[in-house]
Amino acid sequence: MSTERDYPTDVNDEQWELLQELLPKPKWEPGGRGRPPVDRRRVINGIFYLKKTGCQWRMIPKDFGHWSTVYGYFKRWRLAGVWSDLMKALRQKERIRQGRNPEPSAASIDSQSMKAATQEKEEIGFDGNKKVKGRKRPIVVDTLGLIIAVVVTAANVDDRQGFKRLVEGYFADGIKRLRKIWVEGGYQAGWLQEWVRGLKRTHKIEREMTDHEGKGFHVVPWRWAVERTFSWLLNDRRHSRDYERLPANSEALIQISMIHLLLKRLA
């Protein structure tokens, strides 16, 4: 493949070198049986093009290969947890680059309700507070605004249930440093506070409320980090609404947006 980038979203050589080390190794070997693997750099470029422009899968330019091949890799790597692992590995590299511990000790949680463009009835609901029919995107970010975990639910799912799914997913693969979580008023509940305290046996996790007082715009301490992350996501048109039939695809594309952002910082 040419090293010259044909689209602004294409990865450059340095970014591809960093990403290639983290991708699953192809099973095919030169001289082996079966078809050789496709150019995975083109596949990655096609996925980055889709999330930035918001086009349909079938509308991906043929420069990236057949759309079904690009989507096939996207789906296969989603099911294998590759996107989540890539986001985690690059986030740790970026934290180390900034002189921090790979794992954060504090995080901030919030959710964003978005209209759904899909006609599917599954995992679609109405958020009475935001007056939005669609889906909700709860995310947890570190103090740099880098996504630690994301889930996508129907918009009518209670914020506290989304909070539980986020935190349980984050701790699912082992011991973490996390000791403080900043949340807003929607996550206020006595049982939730006790649930957070009982999460870890090695250390306690503190939940701290951060909410603005009065009307108008206020910069809320630590809360601004997660709000800025949502603005980063909306730079990619694919996130202007929820276009995915499956919530798992929405989660993967959010992870991919963070992967692309981290690649630009690291390379």
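In this predicted model, Arg-137, Arg-238, His-239, Arg-241, Asp-242, Tyr-243, Glu-244, Ser-250, Leu-253 and Ile-254 line the largest cavity. The largest pocket has a volume of about 440 Å³, and the largest cavity holds about 50 Å³ of space. Helix H8 (247–266) is among the elements that give two or more residues to the pocket lining, and H8 also gives the most to the lining of the largest cavity. The points below cover the cavity, the pocket, a helix pair and a strand pair.

**The cavity**
- The count comes to one cavity of 30 Å³ or more.
- H8 supplies three residues to the lining of the largest cavity.
- By class, this lining has five charged, three nonpolar and two polar residues.
- Arg-137, Asp-242 and Glu-244 are among the residues that line the cavity.

**The largest pocket**
- The lining of the largest pocket consists of 24 residues.
- Ser-84, Ile-148, Ala-149, Gly-169 and Gln-255 are the lining residues that lie nearest the centre of the pocket.
- Two or more lining residues come from each of helix H3 (67–79), helix H4 (82–97), strand E4 (147–150), helix H5 (159–171) and helix H8 (247–266).
- With seven residues, H4 gives the most to this lining.
- The lining residues of the pocket divide into 12 nonpolar, eight charged and four polar.

**Helices H7 and H8**
- A pair of packed helices is described by the distance between the axes and the angle between them.
- The axes of helix H7 (residues 223–233) and H8 come within 10 Å, and they cross at roughly 95 degrees.
- H7 is therefore roughly perpendicular to H8, since angles of 65 to 115 degrees count as roughly perpendicular.
- On the H7 side, Thr-229, Trp-232 and Leu-233 make the contact; on the H8 side, Ile-254, Ser-257, Met-258, Leu-261 and Arg-265 do.
- This contact of H7 with H8 has five nonpolar residues, two polar and one charged.
- Ile-254 of H8 takes part in the contact with H7 and is also one of the residues lining the largest cavity.

**Strands E3 and E4**
- Strand E3 (residues 132–141) pairs with E4 in the antiparallel sense, over three bridges.
- Val-140 has Ala-149 in E4 as its bridge partner.
- Ala-149 is also among the residues nearest the centre of the largest pocket.
- In the hairpin of E3 and E4, five residues lie between the strands.
- Gly-145 in this hairpin takes a positive phi near 85 degrees.

Technical notes:
Residues are numbered from 1 along each chain as its sequence is written. This is a predicted model: local features need pLDDT of at least 70, side-chain atom pairs count only at pLDDT 80 or more; totals for chains, interfaces and linings use all residues. Side-chain values use heavy atoms; hydrogens and water are left out. On a 1 Å grid over the protein atoms alone, a cavity is a set of points where a 1.4 Å probe fits but cannot get out, and a pocket is an open set with protein on both sides within 12 Å along at least five of seven lines; lining residues have an atom within 4 Å of a point. Grid points are joined across faces, edges and corners, and a volume is the space filled by probe spheres set on the points. Helices (H or I, at least four residues) and strands (E, at least two) are DSSP runs, numbered from the N terminus. Ala, Val, Leu, Ile, Met, Phe, Trp, Tyr, Cys and Pro count as nonpolar, Asp, Glu, Lys and Arg as charged, and the others, Gly among them, as polar. Axes are lines fitted to C-alpha atoms, for helices over the stretch in contact, and angles run from 0 to 180 degrees between N-to-C directions. Angles under 35 degrees count as roughly parallel, over 145 as roughly antiparallel, 65 to 115 as roughly perpendicular and the rest as oblique. Contact means heavy atoms within 4.5 Å. Two strands pair if DSSP finds at least two bridges between them.
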